[in-house]
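Open your viewer and switch to a cartoon view with side chains ready to show. We will go from selection to selection, and each stop tells you what to look for.

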Amino acid sequence: MHVQLAADAPQRIPAAAEAPSPLRLIEQSLDDDQAEDVVVIDLEGKSSIADALVIASGRNGRHIAAMADHLRDKLKSAGFGESAIEGVPQCDWVLVDAGDVVVHLFRPEVRAFYNIEKMWGVEGPRYEPPVNPFMMSDL
């Protein structure tokens with residue numbers, strides 16, 4: 001017997017094996033949100049705090065807050081539970097604890113100041129402060 005599904009029938013829910021890992025989901029979300037200078041550091045076997053550390057920059061506080069909100073919503077929708085978020089009021093440095101993956105979202109100048117990539121032996125992006133034409137002198 002052959003059963004044909006109607007065109008408006010609900011789609012099949014992917015099996016757990018087909019579901020993306022939290023790291024893959026985070027990388028995709030940050031890419032969708034146009035995060036800048038994304039660095040993924042594999043911590044497996046190096047630390048018990050997480051399996052991976054993701055570090056990214058946002059253009060400004062609103063961009064960083066939006067990325068953190070999207071991460072929380074996508075992780076929860078995918079069944080990874082509620083992620084803890086710290087630092088949203090200021091949005092200079094926002095930490096998203098997604099269990100096996102910890103995400104750090106920075107404003108570029110704050111990221112350059114703390115340079116947490118260096119702690120794990122990874123080179124972070126170079127930060128060039130914006131040029132203020134009113135501060136330039138005619139030498």
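Start with Phe113: at 66% relative accessibility, this residue counts as exposed, because the cut-off for exposed is over 50%. Keep in mind that this is a predicted model.

Next, bring in Trp93 and Phe106; together with Phe113 and Tyr114 they make up one aromatic cluster. In the whole structure, a search finds 3 aromatic pairs. One of them joins Trp93 and Phe106 in a tilted arrangement, 4.7 Å centre to centre with 35° between the planes. This pair links distant parts of the chain, since Trp93 sits in strand β4 and Phe106 in strand β5, 13 residues apart. Colour the two by accessibility: Phe106 is buried at 0%, whereas Trp93 is partly exposed at 29%. Go back to Phe113 and Tyr114, whose ring centres are 5.0 Å apart with planes at 90°, so this pair is edge-to-face.

From there, select the sheet. It is open, has 5 strands in the order β1-β2-β5-β4-β3, and shows mixed pairing. Its edges are β1 (36-42) and β3 (84-86), each pairing on one side only. From one strand to the next, the twist averages 15°.

Zoom in on β2 (residues 52-57) and β5 (residues 101-106), which run parallel over 6 bridges. Here Val54 has Val103 in β5 as its bridge partner. Helix α2 (residues 61-77) packs on the sheet and touches β2, β3, β4 (93-97) and β5.

Last stop: Glu117 in helix α4 (residues 116-119). Glu117 is buried, at 1% relative accessible area, and its side chain makes a polar contact with that of Arg111 (2.5 Å).

Technical notes. Residues are numbered from 1 along each chain as its sequence is written. This is a predicted model: local features need pLDDT of at least 70, side-chain atom pairs count only at pLDDT 80 or more; totals for chains, interfaces and linings use all residues. Side-chain values use heavy atoms; hydrogens and water are left out. Helices (H or I, at least four residues) and strands (E, at least two) are DSSP runs, numbered from the N terminus. Buried means under 20% relative accessible area, exposed over 50%, partly exposed in between (1.4 Å probe, protein chains only). A polar contact is a pair of N or O atoms within 3.5 Å; within protein, one must be able to donate a hydrogen and the other to accept it, and residues adjacent in sequence count only if both atoms are side-chain atoms. Two strands pair if DSSP finds at least two bridges between them. Axes are lines fitted to C-alpha atoms, for helices over the stretch in contact, and angles run from 0 to 180 degrees between N-to-C directions. Contact means heavy atoms within 4.5 Å. Rings of Phe, Tyr and Trp (its six-membered ring) pair if their centres lie within 6.5 Å; planes under 30 degrees apart count as stacked, over 60 as edge-to-face and the rest as tilted.
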